[in-house]
Amino acid sequence: LAGAADRNAGTYSGGMRRRLDLAASMITEPEVLFLDEPTTGLDPQARHVVWERLKRLLGQGRTIILTTHFMDEAQRLCDRVAIMDHGAFIAEAPPHALIEREIEPIVIEAYGYGIHAWFDTHARRLAARAEFSGDTAFCYCRDPEPLLATLTDHPELRVLRRAANLEDVFLKLTGRDLRD
């Protein structure tokens, strides 16, 4: 915000106001910092700067209580995560422990023309757990190689192989349906 220090804060963009709020909350160097959705509305660069600042505070022995809907943020910043559903805690542990305990380690995402036929023929049979969200098949695997081998016959499908993450755990535990 140094480049905008001479401007009235009322003229700041939403992201700049969010950074100002965060800076104001840290100015007294509190031992415990409560943050509610601290990176909402920030662009990726600003979000990463905020993450680095928060990690620095954690490294100084500060305690941060963080609420967020961004599971990548929780996975990156938190020593412990509590997942709530309908106002009740349904899981609590370090992020890596939740991932290891709750979900298969590899996720295959596939989409494109013919995805439903491929899913019915192969995904249900070869994945430990498989589901659709929109037009994307999510296949959760311990050993993804047999499933990936079936995809060589389907060049029309787009495929992403990735490690399972905290968002996968959240969606497994709370479901994919939209909530009020």
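The largest pocket here has a volume of about 990 Å³. A pocket, on a 1 Å grid over the protein atoms alone, is an open set of points with protein on both sides within 12 Å along at least five of seven lines, and lining residues have an atom within 4 Å of a point. The volume is the space filled by probe spheres set on the points, which are joined across faces, edges and corners. Of the 34 lining residues, Leu66, Thr67, Thr68, Met71 and Ala82 are the closest to the pocket's centre.

Before going on: this is a predicted model, where local features need pLDDT of at least 70 and side-chain atom pairs count only at pLDDT 80 or more, while totals for chains, interfaces and linings use all residues. Residues are numbered from 1 along each chain as its sequence is written, and side-chain values use heavy atoms, leaving out hydrogens and water.

Helices H2 (44-59), H3 (71-77) and H7 (166-174), along with strands E2 (63-67), E3 (81-85) and E4 (88-93), each put at least two residues into the lining. By class, the lining splits into 17 nonpolar, 7 polar and 10 charged residues.

The second largest pocket holds about 190 Å³ of space. Its lining is Leu1, Arg19, Leu22, Ala23, Met26, Val49, Val50 and Arg53. Helix H1 (14-26) and H2 are the elements giving two or more residues, with H1 supplying the largest share, 4 residues. That lining has 6 nonpolar and 2 charged residues, and no polar ones.

The largest cavity has about 40 Å³ of space, and it is lined by Met26, Glu29, Pro30, Glu31, Val32, Leu33, Leu57, Arg62 and Thr63.

On to the rings. The structure has 1 aromatic pair: the ring centres of Phe119 and Phe132 are 4.5 Å apart with planes at 55 degrees, so the pair is tilted (centres within 6.5 Å make a pair; planes under 30 degrees apart are stacked, over 60 edge-to-face, the rest tilted). The pair links distant parts of the chain, with Phe119 in helix H5 (residues 115-126) and Phe132 in strand E6 (residues 129-133), 13 residues apart. Phe119 is buried at 2% relative accessibility, whereas Phe132, at 26%, is partly exposed (buried is under 20%, exposed over 50%, partly exposed in between, with a 1.4 Å probe and protein chains only).

Note on methods:
Phe/Tyr/Trp six-rings, centres within 6.5 Å; stacked < 30°, edge-to-face > 60°. 1 Å grid on protein atoms, 1.4 Å probe; cavity = no way out; pocket = protein on both sides within 12 Å on 5 of 7 lines; lining within 4 Å. Nonpolar A, V, L, I, M, F, W, Y, C, P; charged D, E, K, R; others polar.
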